[in-house]
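Have the sequence and the model open side by side, and let's take a walk through them.

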Amino acid sequence: MYYLGLDIGSSSIKAALVEVASGKSLGVVQEPEKEMSMFAQKNGWAEQNPNDWWQHACKAIAKLKKQHNVTRTQIKGIGISYQMHGLVVVDKGGNPLRKSIIWCDSRAVETGNKAFAEIGEDFCASHLLNSPANFTASKLKWVKENEPEIYKNIYKFMLPGDYIAYKFSNTINTTISGLSEGIFWDFKNDNIADFLLEHYGIDKALVPDIVDTFGEQSLVDAKGEQESGIAAGTPIFYRAGDQPNNALSLNVFNPGEVAATGGTSGVFYAVTESLSGKESTRVNNFAHVNYKKSNPRIGKLLNINGAGIQYRWLLNNLDVSSYEEMNNLASEIPVGSDGVCLIPFGNGAERMLNNQEIGTRIVNLNLNNHHKGHMCRAALEGIAFSFVYGMEILKSDGITPSVIRAGNDNLFRSEIFSNTVATLIEQEIEIYNTTGAIGAARAANLHKGDFESFGKTIIDNDHVMTFMPFKDKTLYQEAYQNWKNELEIVINKK
């Protein structure tokens, strides 16, 4: 017997099967094999057709069943992870009224900033734990203002994962964690943020019914079976946004536990029991998957846009053939890159730098003494220093890390990167070989409430290695201080 996990990303849909009894993964497939397209009618816009996600999910399920010779009735539950902050709006028939405005679309920035100022920064920080910013609620307000004919026909809004669950079951619902990521949740009153809906003039009837993150949320119906190949009556047991789900996949549930991601962008997602919104303009705060008012668990998400994309840019523009070659070149250069300093923020505005767009900077490059090895080392160190800088912000907001867990992705495979972060943060980094789709599949078993067994499954099946902080960190501290000085020069010029 198996659980199915889906990860609804903006570049692809991944599907995984795990054994119900052991939690062991059978395999993961991706659809489409090349990246999904995005529609960008204007600069800064990004949209996708929700039915494209569903079609790719159905293809991925078919491929997975065929590869592992699994029948529809052997799948006993479904877990769904999805791209956060997207907006799907449907009519009474459940049909999308427009393409989804997805997470990286920036059209509602002004809307959210205006609401933040008008409602009051302190009020937003204490109730929403965030600025309304460019999140789902602000996107819905944008539709109301700019597409009134569409808005008046909206029956419900949904997040991307809610829509996939609806396509399986013909049932529309959402979770507290999902509403919080859309900035629809009032943490102080532990209810829907009526004051924000009123400010935006949004009818509360558009909010879906709320179900628990873990539990029987809905059941696959006859049409869902016909299209997905999953038997009617199969329960959807779990749903969460990709960053909370990534933390769950790494067994991060309790205060002090931190999940790290080192992909195109970088993320620290730290769990706390504090409802502090002190850094609400630089850090996002969401209800974690195990949030309850009686036992609050908040995920503080710090995003670093300029991470793996910087290293990929070097790969594409230096005379090197692979990341492995770059890592080997970097390993021949001492800590601090002989003074070469790279500030890696060339992927748009950085929220943790108060939305400044400072670009990538390379400083102290000596054309007689330095070569591409120095560039590779300086890039890895610069990205690592960005993570350390981000952790300083999280610590100022009350986070005291007790463990950092990361997936076995490109940046954390680098010993230079991981050793630099571990040494400067003074915290070991545990590396696990898992994915969001596998985590979502395993989470389907948490409707039973056994978090201890869930964590043991991850440790037994997925642990790869642990990076320990070096005892002598003098050279690392000097290099970080040099980098930080250069960063502050740039920030102060802005």
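What follows goes from a helix and the cavity beside it to a group of strands, then to a pocket and some salt bridges. Keep in mind that this is a predicted model.

Start with helix α13, which covers residues 372-396. Its 25 residues stretch 36 Å from the first C-alpha to the last, close to the 36 Å you'd expect at 1.5 Å a residue. How much of α13 is buried? The count is 21 of its 25 residues, so the helix is largely enclosed by the rest of the structure.

Now for the empty space. Rolling a probe the size of a water molecule over the atoms shows where such space is left. Searching the whole structure this way turns up 1 cavity of 30 Å³ or more. The largest cavity holds about 60 Å³. Its lining includes Gly-336, Val-340, Cys-341 and Leu-342, along with Ala-378, Glu-381, Gly-382 and Phe-385, and also Ala-479, Asn-482 and Trp-483. Which elements give two or more residues to that lining? They are β19 (341-345), α13 and α17 (474-493). Helix α13 turns up again here with the largest share, 4 residues. By class, the lining splits into 7 nonpolar, 3 polar and 1 charged.

Next, move to strand β18, residues 298-304. Here 6 of the 7 residues are buried, so this strand, too, is largely enclosed by the rest of the structure. It has antiparallel neighbours to look at. Strand β16 (residues 266-272) is joined to β18 by 7 bridges, and the two run antiparallel. To find your place in that pairing, go to Thr-272, whose bridge partner in β18 is Ile-298. Strand β17 (residues 284-287) also runs antiparallel to β18, with 4 bridges between them. There, Asn-285 stands opposite Lys-300 of β18.

While you're in this part of the sequence, have a look at the second largest pocket, with about 350 Å³ of space. Of its 17 lining residues, the closest to the centre are Phe-214, Val-289, Asn-290, Tyr-291 and Lys-292. The lining as a whole has 7 nonpolar, 7 polar and 3 charged residues.

That leaves the salt bridges, of which the structure holds 21. Arg-297 sits in the loop between β17 and β18, and Glu-273 in the loop between β16 and β17, 24 residues apart.

Another pair to find is Arg-442 and Asp-462, with their closest N and O atoms 2.5 Å apart. This bridge links distant parts of the chain, with Arg-442 in helix α15 (residues 436-443) and Asp-462 in helix α16 (residues 451-462), 20 residues apart. Arg-442 and Asp-462 are both buried. Finally, salt bridges with shared partners join Glu-47, Arg-98, Asp-105, Arg-107 and Glu-147 into one network.

Terms used
Residues numbered from 1 in each chain as written. Predicted model: local features only at pLDDT ≥ 70, side-chain atom pairs only at ≥ 80, totals over all residues. Heavy atoms only, no water. Expected span 1.5 Å × (residues − 1). Buried < 20%, exposed > 50% of the residue type's maximum accessible area, 1.4 Å probe, protein only. Pairing = 2+ DSSP bridges. 1 Å grid on protein atoms, 1.4 Å probe; cavity = no way out; pocket = protein on both sides within 12 Å on 5 of 7 lines; lining within 4 Å. Points joined across faces, edges and corners; volume = space filled by probe spheres on them. Nonpolar A, V, L, I, M, F, W, Y, C, P; charged D, E, K, R; others polar. Salt bridge = Lys/Arg side-chain N within 4 Å of Asp/Glu carboxyl O.
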